[in-house]
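Here is a short briefing for a reader who is new to this structure. Please look over the sequence and the model first, then work through the topics below.

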Amino acid sequence: MSYSATRVRRAVAVLALTVAAGALAACGNSSSSVSPAAGAAPNADRAAAAPGVGPGVNLDECGKATRTIKHDLGTTTITGNPTKVVALEYSFVDALVAVGMSPIGVADDNEPKRIIPALREKVSAYKSVGLRATPNIQVITALKPDLIIADSGRHKAIYAQLSKIAPTIAYASLNGNYQQVLDSEMSTAIALNKCDQMKQRLTEHAKTMSDLKAEATANESRKALFVRASEKGFTGFPPKAYTPGVLSAIGIPSALPDSGTDASVSLTLETLVGTKPDIMFIAPNDGPTLRDTWAKSQLWKQLPAVKNNATYDVDPNEWSRSRGLIASEVVAKEAVKLLYGK
């Protein structure tokens with residue numbers, strides 16, 4: 001089935017408006033929240049939200065034998081239909097699976113189980129190219145790919161090296177928001193000459209998210225905080241970050257204000273109390289985390305989410321590391337199930 005550029009632009013625009021509306025609602029309800037400047041320092045690994053290249057930027061290249069793909073680090077010319085693709089972030093694996101393809105190489109942090117089940121069951125055997133932050137150039141070269149998909153933040157310093165191996169496109173994954181990730185999947189599909197397949201999948205995605213929003217409680221006023229918990233840190237994500245954007249798309253506003261340029265903030269127990277989240281989705285690292293220590297404090301017990309038994313442990317691979325069209329549906333479905341039993 002073929003979908004017009006107008007239709008996919010409409011689907012992308014609907015998603016963009018949904019995300020924006022959620023962010024505005026979160027901002028409007030943030031009078032009791034604590035801004036990053038009030039004590040929540042930027043997280044060094046996710047310091048700045050990525051600007052992105054905008055929705056629909058490459059749609060005019062759909063179906064061309066030779067395509068000039070605009071991306072965060074420039075433009076790349078691709079001829080024919082790439083089949084040997086190396087993905088340096090999980091969201092790019094998501095993009096490949098969404099159009100019925102599988103990568104030959106993945107920067108999987110040498111932990112293949114980090115590829116979430118919704119993707120893993122559709123990914124063929126591949127070669128690990130090491131860590132997402134520092135992929136192995138030699139291994140990538142040996143694979144002789146005909147396309148490399150890189151993170152425009154993490155891999156900017158090695159972009160020239162990657163481009164010498166194969167045509168390379170780069171988009172925000174680590175610091176990209178929900179809409180930017182969807183945009184990057186569309187542009188990736190155009191690079192792969194799988195334009196119609198992704199247009200159809202994005203249209204299906206828009207309907208899935210709309211249906212999930214309809215299943216949520218109408219006019220949800222509770223504010224949700226998504227955090228990553230480690231042994232030494234408790235990192236919160238504001239509306240401009242990926243996971244809160246997914247939650248906003250289904251009508252769940254953020255507990256953090258939409259201020260500053262940071263894609264995440266490091267929270268202290270005191271600033272967490274000031275944020276007053278009604279709901280907390282916590283993605284913990286393996287082993288003891290700072291949350292375990294805080295849970296013994298009376299301050300922790302003052303949190304509305306704790307008082308109302310509305311704290312939920314979620315899988316960091318599904319809710320944080322993966323990102324993408326398919327991954328966002330996994331997050332949205334679980335959120336609706338946890339909060340509304342649907």
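Start with Lys276, which sits in the loop between helix 9 (269–275) and strand 12 (279–284). Lys276 is not a glycine, yet its phi is positive, at about 55 degrees. The model is predicted. Its protein chain has 342 residues, and 55% of them are buried. The chain holds 14 helices and 13 strands.

**Backbone and loops**

- Most residues other than glycine have a negative phi.
- Asp109 lies in the loop between strand 5 (105–106) and helix 3 (117–120). With 11% relative accessibility, Asp109 counts as buried.
- Gly100 follows helix 2 and has a positive phi near 80 degrees.
- Asp286 belongs to the loop between strand 12 and helix 10. Asp286 has a relative accessible area of 79% and is exposed.
- From Asp286 to Pro316 the C-alpha distance is 9.8 Å, while 30 residues separate the two in sequence.

**The open sheet**

- Strands of a sheet pair through backbone hydrogen bonds, either parallel or antiparallel.
- Which order do the strands of the open sheet take? The sheet has 5 strands in the order 6-5-4-7-8, and the pairing is parallel.
- Strand 6 (127–128) and strand 8 (168–171) are at the edges. Each has a single partner strand, so one side of each has no neighbour in the sheet.
- Strand 4 (residues 85–87) pairs with strand 5 in the parallel sense, over 2 bridges. Ala87 has Val106 in strand 5 as its bridge partner.

**Helices on the sheet**

- Helix 2 (residues 90–98) packs on this sheet. Helix 2 touches strand 4, strand 5, strand 7 (147–151) and strand 8.
- The direction of helix 2 makes about 140 degrees with that of strand 4.
- Is helix 2 enclosed or exposed? Of its 9 residues, 9 are buried, so helix 2 is largely enclosed by the rest of the structure.
- The buried residues of helix 2 include Tyr90, Phe92, Asp94 and Leu96.
- Helix 6 (residues 178–191) lies across strand 7 and strand 8. Helix 6 runs at about 170 degrees to strand 8.

**The antiparallel hairpin**

- Strand 2 (residues 66–71) and strand 3 (residues 74–79) run antiparallel and are joined by 6 bridges.
- The hairpin between strand 2 and strand 3 passes through 2 residues.
- His71 has Gly74 in strand 3 as its bridge partner.

**A helix pair**

- Helix 7 (residues 195–215) packs with helix 14 (residues 325–340) at an angle of about 10 degrees. Their axes are 10 Å apart.
- Helix 7 and helix 14 are therefore roughly parallel to each other. The cut-off for that term is an angle under 35 degrees.
- On the helix 7 side, the contact includes Met198, Leu202, His205 and Glu215. On the helix 14 side, Leu325, Ala332, Lys333 and Tyr340 are among the residues met.
- The residues of this contact divide into 9 nonpolar, 3 polar and 4 charged.

**Aromatic rings**

- How many aromatic pairs does the structure hold? There are 6.
- In one of these pairs, Phe234 and Trp294 have ring centres 4.9 Å apart. Their planes are at 55 degrees, so the pair is tilted.
- Phe234 lies in strand 10 (residues 234–236), and Trp294 lies in helix 10 (residues 290–294). The pair therefore ties together parts that are 60 residues apart in sequence.
- Phe234 counts as buried, at 1% relative accessibility. Trp294 is buried too, with a relative accessible area of 10%.
- One aromatic cluster is formed by Phe226, Phe237, Phe281, Tyr312 and Trp319.

**Contacts along the chain**

- Take the contacts in the protein chain between residues at least 6 apart in sequence. Of these, 69% join residues at least 24 apart.

Definitions and conventions. Residues are numbered from 1 along each chain as its sequence is written. This is a predicted model: local features need pLDDT of at least 70, side-chain atom pairs count only at pLDDT 80 or more; totals for chains, interfaces and linings use all residues. Side-chain values use heavy atoms; hydrogens and water are left out. Rings of Phe, Tyr and Trp (its six-membered ring) pair if their centres lie within 6.5 Å; planes under 30 degrees apart count as stacked, over 60 as edge-to-face and the rest as tilted. Helices (H or I, at least four residues) and strands (E, at least two) are DSSP runs, numbered from the N terminus. Buried means under 20% relative accessible area, exposed over 50%, partly exposed in between (1.4 Å probe, protein chains only). Two strands pair if DSSP finds at least two bridges between them. Contact means heavy atoms within 4.5 Å. Axes are lines fitted to C-alpha atoms, for helices over the stretch in contact, and angles run from 0 to 180 degrees between N-to-C directions. Angles under 35 degrees count as roughly parallel, over 145 as roughly antiparallel, 65 to 115 as roughly perpendicular and the rest as oblique. Ala, Val, Leu, Ile, Met, Phe, Trp, Tyr, Cys and Pro count as nonpolar, Asp, Glu, Lys and Arg as charged, and the others, Gly among them, as polar.
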